[in-house]
Every structure is written in structure tokens, then in C-alpha cells.
Amino acid sequence: MKPEHAGLADRTIAEIVRDTNRDPLDAMLDLGLDEDLDTGCD
Amino acid sequence: MYDLVIRGATIVDGLGHDPLSADVAVKAGRIAKIGEIPAAASEVIDAGGLTLMPGIIDLHTHYDAQVTWDPTLSPSPSLGVTTAVMGNCGFGIVPSPPNLRDLIMRNLAVVEGMDIDALRAGIDWQFQSFGEYLDAMRRCGPYANLAVLVGHSAVRTAVMGEEASVRREPTAAELAQMKHLVAEAMAQGAIGLGASYSLNHSGWGGVPMPSTISDLSEFDALVGAMGGPGRGVVEISSGPISPDQMEEIAARHGRRIFMSTALALYNEQYPERAIGMFDSCAAAQARGNELYILITCQPLSFDFTLASAYPFYSHPAFDPIKAYDREQLKAVFRDESFRDRFRADLRTPRPGTVFLGNWDRITVAAP
């Protein structure tokens, strides 16, 4: 995981986009694309 | 005189009763008495306050490949499992014509999230028929009792090869051969038939697992081929097939059918749906038809990355891209039209789909 994304670990996609105007599906795909699709999800 | 007395254990009987401190006496392989047992026995074990419970029968495992190199069935026995049911969803590894073994392994690797290299290196193919497989299991000395289902996908693959994931209709001769293989496996010791119509079950390169594309009449014919009324059990990942359709088949053949389906798991987007599945089964049983739900005792969860986003594969937007490599996937994921299709799928999901767009359920994993 890139250092700039470390704050996202253990947070849900819903939490990450809350208080933003972002669509959760875009947020998930953009995060994955920024890490060569290696971001782990569970 | 008892054969065995276990003294001073805290007994958890598996029936929901409060734990009880007592002795247990065994005679001729069966529990003869529970209570205070001063009588002598050939063997006495002082449990010294340890907990004693019945062995767990794990109704849903996929040890079919692993057991060929790991008779310990790690980790199940250490968790209290003494009997493992294998071949669930119809994803067993026999019958295994030599020219189809790699296909069997490739599909299994994807649908059950196993490492293809481990399967290729690990499976010791000392068997081709179902009966030869059971013989090999007896020789390997498994740490738990094994109960093996013959698989709908397994027999479809054995008869139709690569076509099994492509062609919905078997020829009459192919169907006859599948029925023969099921009947033969039952005669050789299968406990029943495993099958799947789940849209969540994809194999290598994203192809559907073979049974999932078959007409329900094919499954019906194989249930019939198991033998007379009451013979064997059926486990099916039933996907979009309704309890009513399953009940018809259970009734026609006098067969006991166990449905394992994500539809029976509580889902906050369809809060009534799961309980409706149980109500349908209760109604079927009241009509004298043995239809049941099998359910996990913990939530269904997946670990995944977008390079292999299995939980999303049942959405049509993913249909054309399941075999894509990383660079191809990145191009698709950047594409707004793909994102719109994926969003549309989430608004109107196919029945039986696991992920329905609840983003509280997807967590970014700690590295």
C-alpha cells in the first residue's frame, strides 16, 4: 500500500467517501488503479 | 463393565443444553451412560475439567484435492471436526480421465480460490473413478471421517470435457453417461450428489462452472439416477433456483435436498429474503418433502484485490473481462462506460448475487 493511502486501511469504502461527493464505486476503482490493482479488500 | 469411562469432563452435548460436569461411559463404540459412573472400565481417562463434546460434522468442505497430499485435513481436526463432507457444490476431482486433470485443477483453483501450482504439484492422481478415489482415501489414513459427494460439474466435465462450461445441452448419449457415472459413484460409496447453479461459481478464465449452465432437467435426471426414494443426499448451491423448483425435484424422487445459498444469509438490503427461504423449506417439509437450508455459522467473507475481484464476477459488467490480465483490467476499470455498467448492475442485481452494492461491507485491508 502506498504511504499516502495508509490512512485508508481498515476503513470501509462507505466511510472513505462519506463527507465527500465521490461515488463509492469510483473511489474503490481509483484506489485500486493507483496501486496497480494490488490493494487488498475484505 | 464399560470399555471406556471419561471422568470429570465438562460436557457440552451439542444440543444447546447448559454445560454439565459428569462422566461418560462407552461400550461397544457407543455412549452407554452419562452421569456419575463409579463402575470400572477397561480404560479410564481423567479429563480433569477439560471440555468434552461430540465431534463436529463439517457439512461443507472442499478437501477433495488437499486430502490427497494432506491426510491431516489441516486445520479442521484441530477445530473439533471429526467428519468432513467433501465434493460440495459438485466440485470434486473424480471421475478424472487423465487428459482432463489439468482442466479439473484449473477450474477448482479459481472457483475455490486455491493455488494452481499447489494443485498441480500436490495432487497424487492414483485414481480415475470415484471408487478408486475412495480407495485412495482409505489408504491415506485421513485424520477425520470422510463423506464424499459425487459432483454434477465433475461428471459433466468427465463426459463433455472443455465443452462442459460452454454447451448447455448434452447429447442423449452424454446425459446417459453422466447418469451412469452418478449411479456408479453411488454404488461405490458416494453419500450423494453435489451441484451448483450459483452465478458466483466461475472457473478458469471466468468460464461458468459446468453444472451452472445446465438445464434444470439435467440436474433432475442426475438426482433420479442416484437410486430409489430415500437413497443418498443432495447438496446444491442453488443460486437463482427457487425453493419451489427444488421441492418439485425432492418430491419427484423422494430425495433429501440441502440448499446452500447466499440467499439464506441475512442481507440488510433484502431483510425478509433469508427468512423467506427458511419458511419455504418449512412449508415443503410440512408437505412431506425433505428440503432444507444449510447455512454458515459465520458471515461469508472474501479477501480479494481488483486484479481478481471474485465477489463482483456475478455482475454482467464483469462477464467479458474475467480472463483479462492486469493491464487489460486497468484499462477497463478506467473506462467510464464500464463504471456505468457496473453501477447499473448494482441497481438491478441478478438473483443470487453476493455483492449488492453495500459499500459498508467492503473494507480496505491493512497492508
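These questions and answers walk through chain B of a predicted model.

Colleague: Into which domains is chain B divided?
Modeller: This is a predicted model. Chain B has its division set by residue ranges. The ranges give domain 1 (2-52), domain 2 (56-294) and domain 3 (308-361).

Colleague: How far apart do the C-alpha centres of domain 1 and domain 2 of chain B lie?
Modeller: Domain 1 of chain B covers 2-52, and domain 2 covers 56-294. Between their C-alpha centres the distance is 37 Å.

Colleague: Which residue stands opposite Ile56(B) in E7(B)?
Modeller: Strand E6 (residues 56-58) of chain B runs parallel to strand E7 (residues 81-86) of chain B. Three bridges join them. Opposite Ile56(B) stands Val81(B).

Colleague: What is the bridge partner of Met86(B) in E8(B)?
Modeller: E7(B) also pairs with strand E8 (residues 145-151) of chain B. That pairing is parallel and has four bridges. In E8(B), Met86(B) is partnered by Val148(B).

Colleague: How many residues does the contact take from chain B and from chain A?
Modeller: A residue pair is in contact here if the C-beta atoms lie within 7 Å. On that basis chain B gives 23 residues, and chain A gives 21 residues.

Colleague: Which helix gives the most to the side of chain B that touches chain A?
Modeller: Helix H9 (326-334) and helix H10 (336-347) of chain B each supply at least two residues of that side. The most, five residues, comes from H9(B).

Colleague: How do the residues of the side of chain B that touches chain A divide?
Modeller: This side of chain B has 23 residues. They split into 13 nonpolar, three polar and seven charged.

Definitions and conventions. Residues are numbered from 1 along each chain as its sequence is written. Chains are lettered from A and ligands numbered from 1 in the order in which they are written. This is a predicted model: local features need pLDDT of at least 70, side-chain atom pairs count only at pLDDT 80 or more; totals for chains, interfaces and linings use all residues. Two strands pair if DSSP finds at least two bridges between them. Domain bounds come from an automatic or database domain assignment. Two residues are in contact if their C-beta atoms, placed from the backbone, lie within 7 Å. Ala, Val, Leu, Ile, Met, Phe, Trp, Tyr, Cys and Pro count as nonpolar, Asp, Glu, Lys and Arg as charged, and the others, Gly among them, as polar.
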